[in-house]
Amino acid sequence: MLEMFSLKGKTAIVTGANTGLGQGMCVAFAEAGANVCGVARRSCQETKEKVLAVGGKFIEVMADLSSTEPVKRILDECIKEFGGADILVNNAGIIKREDAINVNEEDWQQVLNVNLNVVFFLSQEFAKRAILKNKGGKIINICSMLSYQGGIRVPAYAASKSAVMGLTKALCNEWAAKGINVNGIAPGYMATNNTQALRSDEARSEAILDRIPQGRWGTPDDLMGASIFLASSASDYVNGFTIAVDGGWLAR
Ligand code: NAP
């Protein structure tokens, strides 16, 4: 039965692979048997070492995901090295904290470019190639608690993550019949660079911890189970859904 969770013979593309949740998912996929293509704008050396340590194969594709320019090259380089791409995790994301009244157009656009626009066009390129080969695939979009809630002082982030959850459903409706599963994971409050500012603000950090039923911040390891499930054939009839991995945050 556990065979259905195996990723043996599969290749996963993970964006934002150099650190945080992306790095954790690269290692999880390698442990489950997949080849991993890590996409990042900085070196993925640390991720590569962790993947090799669990017996996996890893290539790095350097790409700045603030524009759609590298989209085709990412697929090309992955396919050239591993012969295909079966899983795409749209994980790279940025957050900018500012009172809504002061947000400027440049910051707004930057967040939307990385968190939403590139997510769509990379998914489109992945799907084009999967459809051409008639072989299906798995897309996992990394959403957020702010796919459900508004947050404080992060309006572009909330808008982008709400949109990504909507996009997950929209793409499911078009691509499910082509054998492509499009699902999301909404991490709760996880201890990564993304939440560094929150965690170093004592009052905010305490308020957040108080509200998490499980009583602790999440870690990259906490995403392992959900990401392997959504990447594997164990989730073949799961489509268009976003799974919260949040220590119970949304239940409050
Ligand atoms: P992180 O440590 O800041 O990782 C974000 C990743 O995205 C990094 O690898 C970052 O690269 C990459 N990235 C950002 N802009 C990029 C660009 N223009 N081109 C290429 N790569 C770029 O934070 P994380 O927590 O692991 O975040 C991963 C995802 O989870 C994000 O989508 C985030 O919104 C989401 N998320 C996080 C939390 C949380 O509590 N941590 C909760 C919900 C959702 P650099 O290292 O070069 O910046």
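Trainee: How many salt bridges does the structure hold?

Mentor: The structure holds nine salt bridges, a salt bridge being a side-chain nitrogen of Lys or Arg within 4 Å of a carboxyl oxygen of Asp or Glu. This is a predicted model, in which local features need pLDDT of at least 70 and side-chain atom pairs count only at pLDDT 80 or more, while totals for chains, interfaces and linings use all residues. Residues are numbered from 1 along each chain as its sequence is written, and side-chain values use heavy atoms, with hydrogens and water left out.

Trainee: Which residue meets Arg-129 in a salt bridge?

Mentor: The side chain of Asp-76 does, at 2.7 Å from N to O. Arg-129 belongs to helix H4 (residues 105-133) and Asp-76 to helix H3 (residues 71-82), so this pair links parts of the chain that are 53 residues apart. Helices (H or I, at least four residues) and strands (E, at least two) are DSSP runs, numbered from the N terminus.

Trainee: Which residues are linked with them in a network?

Mentor: The network of salt bridges links Lys-72, Asp-76, Glu-125 and Arg-129.

Trainee: What about Lys-138: which residue does its side chain meet in a salt bridge?

Mentor: Lys-138 meets Asp-236, again with a value of 2.7 Å from N to O. Because Lys-138 lies in strand E5 and Asp-236 in the loop between H8 and E7, the pair ties together parts that are 98 residues apart in sequence. Lys-138 is buried, with a relative accessible area of 7%, whereas Asp-236 is partly exposed at 47%.

Trainee: Let us turn to helix H8. Which of its residues are buried?

Mentor: Helix H8 covers residues 224-231, and its buried residues are Ala-226, Ser-227, Ile-228, Leu-230 and Ala-231.

Trainee: What do they pack against?

Mentor: They pack against helix H1 (20-31) and the strands E4 (87-90), E5 (137-142), E6 (180-187) and E7 (242-245).

Trainee: And Asn-35, where is that found?

Mentor: Asn-35 is found in strand E2 (residues 35-40). Asn-35 is buried, with a relative accessible area of 18%. Leaving aside neighbours within four places in sequence, Asn-35 is in contact (heavy atoms within 4.5 Å) with Lys-10, Thr-11, Ala-12, Lys-57 and Phe-82.

Trainee: What polar atoms of Arg-42, Asp-64 and Met-190 lie by the ligand?

Mentor: A polar side-chain atom of Arg-42 lies 2.5 Å from a ligand oxygen atom, and a polar side-chain atom of Asp-64 lies 2.9 Å from a ligand nitrogen atom. For Met-190, a backbone N or O atom lies 2.8 Å from an oxygen atom of the ligand.

Trainee: How much of the accessible area of the ligand does the protein cover?

Mentor: The protein covers 94% of the 880 Å² of accessible area that the ligand has on its own. Accessible areas come from the Shrake-Rupley method with a 1.4 Å probe, and for residues only the protein chains shown count as cover.

Methods: Buried means under 20% relative accessible area, exposed over 50%, partly exposed in between (1.4 Å probe, protein chains only). A polar contact is a pair of N or O atoms within 3.5 Å; within protein, one must be able to donate a hydrogen and the other to accept it, and residues adjacent in sequence count only if both atoms are side-chain atoms.
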